[in-house]
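Let's take a walk through this model together. Keep the sequence and the 3D view open as you read.

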Amino acid sequence: MAEDILAFYLYDEEAEGNVIPEASSPDHITCEKGEFVNYIACDTIEYAKMHNTRAVKKTLTIPEWLNAAATRAGINFSQVLQEALLEKVK
């Protein structure tokens, strides 16, 4: 559950435009008897893919000839845009 909580927190901070603090070094954390330090892996993009799937309408402009050619070819504009954006954000 720690991964889910961390992903939610970091995703929210990113969405708000807040600066994400650097991770603490395990060497600088003091543990009491019976306590331990553990790493938590987190991917906010994967979190967003799983929990924020609502579609958002976008308007774009392309040349008329390109629109006609893509329509004739049966190209799904939304799919192409999603694939291109995913490549850019990786």
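**A guided walk**

Thr53 is exposed, with 61% of relative accessible area; here exposed means over 50%, buried under 20%, and partly exposed in between, using a 1.4 Å probe and protein chains only. Please bear in mind that this is a predicted model, where local features need pLDDT of at least 70, side-chain atom pairs count only at pLDDT 80 or more, and totals for chains, interfaces and linings use all residues. Residues are numbered from 1 along each chain as its sequence is written, and side-chain values use heavy atoms, with hydrogens and water left out.

Thr53 sits in the loop between H2 and helix H3 (64-72). Helices are DSSP runs of H or I with at least four residues, numbered from the N terminus.

Now step back into helix H2, where you will find His51. His51 is exposed too, at a relative accessible area of 51%. For another pair, look at Glu35 in the loop between H1 and H2. Glu35 is partly exposed, with a relative accessible area of 47%, and its C-alpha is 60 Å from that of Ala70, 35 residues away in sequence.

Helix H2 also holds a charged pair. The side chains of Glu46 and Lys49 meet in a salt bridge, at 3.2 Å from N to O; the term stands for a side-chain nitrogen of Lys or Arg within 4 Å of a carboxyl oxygen of Asp or Glu. Because Glu46 and Lys49 are 3 residues apart in helix H2, about one helical turn separates them. Both partners are partly exposed: Glu46 has 37% relative accessibility, and Lys49 has a relative accessible area of 44%. How many salt bridges does a search of the whole structure find? The count is 1.

Glu13, in helix H1 (residues 2-16), is buried yet has no salt bridge. The nearest side chain of opposite charge, Arg54, is 19 Å away, where Lys and Arg count as positive, Asp and Glu as negative, and His and the chain ends are not counted. Leaving aside residues up to four places away in sequence, Glu13 touches Asn18 and Ile20, contact being heavy atoms within 4.5 Å.

Arg54 leads us to the pockets. The largest holds about 930 Å³ of space, and 19 residues line it, with Arg54, Ala55, Val56, Gln82 and Leu85 closest to its centre. A pocket is an open set of points on a 1 Å grid over the protein atoms alone, where a 1.4 Å probe fits, with protein on both sides within 12 Å along at least five of seven lines; lining residues have an atom within 4 Å of a point. The volume is the space filled by probe spheres set on the points, which are joined across faces, edges and corners. Helix H2 (44-51) and helix H4 (77-89) each supply at least two lining residues, and H4 gives the largest share, 7 residues.

The second largest pocket has a volume of about 360 Å³. Its lining has 14 residues, and Leu6, Ala23, Ser24, Asn38 and Ile40 lie nearest the centre.
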